[in-house]
Amino acid sequence: MTYSFPLFKLNFDQSEETAILNVLHSKWISTGPKCEEFEGKFADALNAKYAVALDNCTNALHLSLVTLGIGDGDQVLVPSLSFVATVNAVKYVGAQPVFCDIESLENPVIDPYEIERKITPKTKAVIVMHYAGFPCNMRSIKKIADSNNIAVIEDSCHAPLSLYQDKALGTYGSMGCFSFFSNKNISTGEGGMIVTNDEDLYKKLKLLRSHGMTSMSYQRASGHAVDYDVIELGYNYRMDDLRASLGIVQLSKLPQDLQRRKIVRSLYINSLGNLSSIVIPFKSYSERCSNYIFPIVLINGCENKRNYLREYLSEKGIQTSVHYPAIHKFKVYNSPSISQPITEYYSANTLTLPMYGSLNESDIEYISSSVIEGVNNL
Ligand SMILES: *Cc1c(COP(=O)(O)O)cnc(C)c1O
């Protein structure tokens, strides 16, 4: 069915088309000058030293673990409330993911106390995920990680340009990983980025992104290199210039888009903020935020009630989603010994409402009053 209010809408216009055509006409469509330009602009926007453009964020997460030398026998702490790629990446390198619960329904991000409690001599890293674009408690997490000598990787897929204590999310850990999948804040179809402030990690990421080769095709084609060696076992995780050109345009539009999303969020909060039967996570967060999604959570709810509400909204033309089913409940990860009570409650009782810049006041009024009607019917 087609919804009057989809969950997400692309904010493409003529400028994306022009950008793509320019790359087509340039005759250089793989990794080249547009990727380099996108990397430079992305790093600048986050006030990070380095950025490496990649084909998607799943591979960004994998590459960040490889770059840190994490592998067999190591443990990596992960949230269960995330997209499955966050945890799959740990398995790719042969390490063991160890699930950590979220803080609360109000702050559905990895709990620093859980991190502290689950550290063992085998723990090498923690992957945190800034849910909906709102920050994990990076101050506590950095302190715990530093004193236990474990690395922090930020899955920042939801959080481009989000700030925490005036500093960009993705720049707190040793590496920050971003996605430009179609429905993310920056859309290039598929795409990813790693930012880092560490020159050694940056050099290694560049090497491993392209087969471990010491030079790339563009450098050879443009006469900057004639030869290459392969000095590490690398991958083909490159972004191409077609996607990078979309990324450059999308990034330039992002600050304005985030302004719009902020308005959409405050309209939602005005209409739904006093509803005693739901929680709006991070309700009073005031720093700049990407507002990637707008989730709500039922209080004293259950999965059936949540599903009923989703069905009710669907009949009103409103698309909703669930961010996310708990990863530790998926068949490939499920084990009776894993218990994550807050995550389990959250996953069964959350739903995500439409969020994109072009929603206007009467749209939000319609969606919100439908939510109120649906909740009152529960
Ligand atoms: C989208 C997303 C990913 C995966 O990104 P891809 O670019 O699709 O590989 C990983 N983690 C989170 C939290 C995401 O939202």
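Biologist: Which residues point one way from β1, and which the other way?

Modeller: In a regular strand the side chains alternate between the two faces of the sheet. In this predicted model, Ala-51 and Ala-53 point one way from β1. Pointing the other way are Tyr-50, Val-52 and Leu-54.

Biologist: Is β1 largely enclosed or open, and how many of its residues are buried?

Modeller: Buried here means under 20% relative accessible area. The strand is largely enclosed by the rest of the structure, because the buried residues of β1 number five of the five.

Biologist: How many bridges join β8 to β9, and what is the bridge partner of Ser-179 in β9?

Modeller: Strands β8 and β9 run antiparallel and are joined by four bridges. β9 itself is mostly covered, with five of its five residues buried. Among the residues of β9 that point one way are Ile-194 and Thr-196, together with Gly-192. The bridge partner of Ser-179 is Gly-192.

Biologist: Which residues of helix α7 are buried, and what covers them?

Modeller: Helix α7 spans residues 199-209, and its buried residues are Leu-201, Tyr-202, Leu-205, Leu-207, Leu-208 and Arg-209. At the start of α7, a side-chain oxygen of Asp-198 reaches to within 2.8 Å of the backbone nitrogen of Asp-200. Just after the helix, His-211 takes a positive phi of about 65 degrees. The cover over the buried residues of α7 includes α2, α3, β1, β8 and β9.

Biologist: Why are Glu-37 and Lys-41 separated by about one helical turn, and what joins their side chains?

Modeller: Glu-37 and Lys-41 are separated by about one helical turn because they are four residues apart in helix α2. Glu-37 is partly exposed at 28% relative accessible area, and Lys-41 is partly exposed at 41%. Their side chains meet, N to O at 2.8 Å, in a salt bridge.

Biologist: Are Asp-257 and Arg-261 buried or exposed?

Modeller: The side chains of Asp-257 and Arg-261 meet in a salt bridge of 3.0 Å, N to O. They are four residues apart in helix α9, so about one helical turn separates them. Both Asp-257 and Arg-261 are buried.

Biologist: How many residues apart are Lys-316 and Glu-373?

Modeller: A salt bridge of 3.1 Å, N to O, brings the side chains of Lys-316 and Glu-373 together. This pair links distant parts of the chain: Lys-316 is in the loop between α10 and α11, Glu-373 is in helix α12, and they are 57 residues apart.

Biologist: What is the order of the strands in the open sheet of three strands, and which are its edge strands?

Modeller: The order is β10-β11-β12, with antiparallel pairing. Each edge strand pairs on one side only, and the edge strands are β10 and β12.

Biologist: Which residues make the nonpolar surface patch of about 250 Å²?

Modeller: One contributor, Leu-21, lies in helix α1. Leu-21 is partly exposed, at a relative accessible area of 40%. The patch is made by Leu-21, Leu-24 and Ile-29.

Definitions and conventions: Residues numbered from 1 in each chain as written. Predicted model: local features only at pLDDT ≥ 70, side-chain atom pairs only at ≥ 80, totals over all residues. Heavy atoms only, no water. Patch = residues over 30% accessible without salt bridge, like charges linked within 9 Å, V, L, I, M, F, W, Y side chains within 5 Å. Areas by Shrake-Rupley, 256 points an atom, 1.4 Å probe, with all protein chains shown as cover. Salt bridge = Lys/Arg side-chain N within 4 Å of Asp/Glu carboxyl O. Helix = DSSP H or I, 4+ residues; strand = E, 2+ residues; numbered from the N terminus. Buried < 20%, exposed > 50% of the residue type's maximum accessible area, 1.4 Å probe, protein only. Contact = heavy atoms within 4.5 Å. Polar contact = N/O pair within 3.5 Å; in protein donor to acceptor, adjacent residues only side chain to side chain. Pairing = 2+ DSSP bridges.
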